[in-house]
Structures are given as C-alpha cells and as structure tokens.
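Visitor: Could you walk me through this one? I'd like to start with a helix and then move on to the core and the charged pairs.

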Amino acid sequence: MMSLLYRRWLLLMLLLQLLFPTIAAEQCTLRMAVETDFPPHLIQRDGQWGGLSVELLQRLASEVNCQVSFINSPWLRSLQQSESGELDVLSHLSLNPQRKAHFAFIGPHHIEAIYLIGDPTVLPALDNLQQLTQDKDLGAIASLHGAYYGEEFSQLSQHPVLARQLVSISSIQDKLALLRAGRVNAILEDLSVLHYWQQHSYPMAEKYQPLLLVYESPVYFGLSKTALSAQQIQQLADAWQGLYHSGELAKIYRKYHLDPARLIPQAVTD
C-alpha cells in the first residue's frame with residue numbers, strides 16, 4: 001500500500017504537469033537535419049556542428065527548454081523524414097503551398113541569393129538567364145540535386161542548350177572543389193557562401209565572383225507537423241518572436257558579419 005504522503009506527492013506532480021505543460025518539455029530534443037558543410041550556415045568541425053543556422057536553432061530551442069540533436073541525412077531524404085515525423089526541423093526551407101501541408105514555417109532566418117558564380121576573366125558576361133539557352137555557353141554548371149533555383153530557372157533548364165550545361169551534384173561541399181579542379185566552370189550558390197569562402201581564405205576563392213543573380217528568396221526553419229504538436233509549434237513561434245524583439249537573434253547574425261535588419265524579417269508563417 002502506498003503511504004498517504006507518497007500518494008499526495010504523486011497527486012501534486014500530476015497537478016503541476018496539468019497546470020504547467022511546458023515542464024514536460026524540459027527533456028525535449030529537436031532533431032535537425034544536417035549533411036555537409038554549408039558555411040556560414042552549417043559548419044562541421046571535429047565532429048561538432050556550428051554555424052549561423054545551428055546557433056539560431058539552439059538559441060530558439062533553449063527558450064522552450066529543449067536541446068538540438070543533429071541527424072545526418074541528404075536533403076531529399078530529409079524532406080521525406082520530416083513529413084513522416086522522423087525529423088523535427090529543417091533549415092533553409094523555401095515556402096510553397098505543397099510544403100505547408102507538412103511544415104510550419106518560422107522565420108525567414110535567411111534571404112537566399114543564388115548566383116551563377118565563376119571566374120569572370122574566362123567566362124562570357126551575362127545580362128539575363130535567357131542567354132544561357134541562346135548564345136552564352138558556360139560549358140559546365142554545377143547545381144545541387146533537389147535544390148530549387150526559382151521558377152524561371154526551372155523552366156529554362158528544360159531547354160536543351162541549358163540542360164546540356166548543367167551538372168547535378170549531391171553535395172554542397174563538392175562545388176568549390178569542382179571549380180578548382182576545372183571540372184565545372186560555374187556553380188549555382190548562395191552569395192553568403194562565396195563571401196565566407198573568401199573571408200576565410202579558401203584556396204582560389206578570390207578568383208571567383210558572382211556573375212548573375214538567378215534567384216532570391218526567403219528561407220525558413222520548417223517544423224514538421226507530424227513530429228511536433230500544434231502546442232509545441234506555437235511555443236517555438238512565440239519564442240522566435242520574443243528573441244527577435246529582445247535583440248538576441250541580431251547578436252547571432254552580427255557574429256557572422258551579417259546584417260540582422262535584412263536577415264531577420266518578423267514574419268512567422270503557419
């Protein structure tokens with residue numbers, strides 16, 4: 001038989017959990033998909049993950065008494081795992097109507113500016129994307145398998161002249177290596193990544209420059225509606241707003257020499 005004191009203690013614990021449901025979240029873990037270095041957003045050093053996106057999510061998680069664990073998973077598989085509830089959070093997720101069925105969107109945490117990047121001293125000048133289907137041939141352009149570069153580029157990439165130039169790769173890490181090795185003449189990459197390569201003196205990075213803006217779009221943290229409850233998602237959304245207004249997010253952006261006024265829009269999208 002349980003003692004009267006023990007039964008009272010159990011009743012008190014039950015009442016506390018009913019009155020303060022966030023207490024149950026003290027041991028929660030948000031599973032975030034990662035794959036390879038994507039500096040300054042995802043940076044792997046000595047088996048540990050850091051970078052802008054990691055620090056933003058860790059700071060957000062700490063507001064709701066959660067931790068972040070990192071699950072190595074390629075991008076397309078990560079989308080499937082998030083939809084099935086095996087992952088909780090993706091970063092750099094573009095918003096579209098189809099994805100809203102499976103994800104809640106917090107942010108945007110970054111304004112992605114995808115450029116054609118290469119050596120301007122050896123490549124023809126470009127004024128617009130249509131030229132890549134006409135009289136401008138860059139030879140070989142590395143694009144990330146499964147990445148979205150905007151509707152215009154998606155349509156133009158079906159043209160045989162441009163399709164012939166595109167080289168699909170599976171890893172962001174390979175892009176600069178392919179450029180240095182001369183296996184491709186240009187890559188499709190976010191401008192912040194090029195700036196990071198140059199600021200940190202990556203080999204030959206200074207010779208490469210943005211040639212043409214391909215696509216600019218906000219990207220978000222995508223929260224899996226399968227893995228997380230509506231209450232958890234709302235807590236995270238409220239916490240993001242609180243960190244935004246307090247200036248905590250701005251501190252993290254400045255650490256990476258990025259302008260928080262441009263990169264922390266206030267919107268939260270369900």
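**A helix, a core and some salt bridges**

Guide: This is a predicted model, and on one side of helix H9 the residues Lys 251, Arg 254 and Lys 255 are exposed.

Visitor: Which residues of H9 are buried, then?

Guide: In H9, which spans residues 248–255, the buried ones are Leu 249, Ala 250, Ile 252 and Tyr 253. They sit on the same side of H9 because they cover an arc of only 160° around the axis.

Visitor: And what covers them?

Guide: The cover includes helix H2 (52–63), strand E6 (103–118), helix H8 (230–246) and helix H10 (260–263).

Visitor: Switching to the core, which residues touch the most other members?

Guide: In the largest nonpolar core, which has 74 residues, these are Leu 116, Leu 138, Leu 188, Val 214, Leu 223, Leu 236 and Tyr 253. E6 supplies the largest share of this core, eight residues.

Visitor: What does Val 214 contact, leaving aside neighbours within four places in sequence?

Guide: Its contacts include Ile 114, Tyr 115, Leu 116 and Phe 153.

Visitor: How many salt bridges are there?

Guide: Searching the whole structure gives nine salt bridges, and one of them pairs Glu 189 with Lys 175, with the closest N and O atoms 3.4 Å apart. Glu 189 lies in strand E9 and Lys 175 in helix H6, so this pair ties together parts that are 14 residues apart in sequence.

Visitor: Are those two buried or exposed?

Guide: Glu 189 and Lys 175 are both buried.

Methods. Residues numbered from 1 in each chain as written. Predicted model: local features only at pLDDT ≥ 70, side-chain atom pairs only at ≥ 80, totals over all residues. Heavy atoms only, no water. Buried < 20%, exposed > 50% of the residue type's maximum accessible area, 1.4 Å probe, protein only. Helix = DSSP H or I, 4+ residues; strand = E, 2+ residues; numbered from the N terminus. Arc of directions from axis to C-beta. Contact = heavy atoms within 4.5 Å. Core = buried A, V, L, I, M, F, W, Y, C linked by side-chain atoms within 4.5 Å. Salt bridge = Lys/Arg side-chain N within 4 Å of Asp/Glu carboxyl O.
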